[in-house]
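Please keep the structure in view while reading.

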Amino acid sequence: MSEARPAGPHGYSADKQALMSRLKRVEGQIRGLQRMVDEDTYCIDILTQISAAKSALHAVAVGLLEDHLRHCVVHAATEGDVEPKIKEASAAVARLVKS
């Protein structure tokens, strides 16, 4: 069972519109990939677009991680209980590196 997550505001709250905009662009890239497959586009061209979509999603993930460090980890440090947040951030980094 995972620990309870704070309801908010989260570190990304100030940039929520920009985050949503980036995710909508990634969503558009995925729809474009579906269209490419449907239209029998050359496989290397599809792979190139998959790489671009992965890079865009990775950039969103790195931005969220930076926000987490600046907001959640710093807040935990001021409260004197930073170790759980450091472990949480380290696990998130491990998942990003693995993917």
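Predicted model: local features only at pLDDT ≥ 70, side-chain atom pairs only at ≥ 80, totals over all residues.

1. Two terms are needed at the outset. Contact means that heavy atoms lie within 4.5 Å. Helices (H or I, at least four residues) and strands (E, at least two) are DSSP runs, numbered from the N terminus.

2. Residues are numbered from 1 along each chain as its sequence is written, and side-chain values use heavy atoms, with hydrogens and water left out.

3. Helix α3 comprises the 16 residues 83-98. The expected span of a helix is 1.5 Å times one less than its number of residues. For α3 this gives 22 Å, and the end C-alpha atoms are 22 Å apart, so the two values agree.

4. Which residues of α3 are buried? Buried means under 20% relative accessible area, exposed means over 50%, and partly exposed lies in between (1.4 Å probe, protein chains only). In α3, Lys85, Ala89 and Ala92 are buried. They cover an arc of only 60 degrees around the axis, and therefore lie on the same side of α3; the arc is that of the directions from the helix axis to the C-beta atoms. The buried residues of α3 pack against α2, residues 43-79.

5. The face of α3 turned away from its buried side carries Lys87, Val97 and Lys98, which are exposed. Arginine 95 also belongs to helix α3, and its relative accessibility of 56% makes it exposed. Between arginine 95 and valine 82 there are 13 residues in sequence and 20 Å in space, C-alpha to C-alpha.

6. A salt bridge is a side-chain nitrogen of Lys or Arg within 4 Å of a carboxyl oxygen of Asp or Glu. How many salt bridges are there by this rule? The count is three.

7. One of them joins lysine 85 to glutamate 88, with the closest N and O atoms 3.3 Å apart. Both residues lie in helix α3, three residues apart, or about one turn of the helix. Lysine 85 is buried, at 15% relative accessible area, whereas glutamate 88 is partly exposed, at 22%.

8. Another salt bridge links arginine 31 with glutamate 27, at 3.5 Å between the closest N and O atoms. These two are about one helical turn apart because they are separated by four residues in helix α1. Arginine 31 is partly exposed at 45%, and glutamate 27 is partly exposed at 42%.

9. In helix α2, glutamate 66 and arginine 70 are four residues apart, about one helical turn. They form a salt bridge with closest N and O atoms 3.9 Å apart. Glutamate 66 is partly exposed at 39%, and arginine 70 is exposed at 60%.

10. The loop between α1 (16-38) and α2 contains aspartate 40. Although aspartate 40 is not a glycine, it has a positive phi of about 55 degrees. Its relative accessible area is 69%, so aspartate 40 is exposed.
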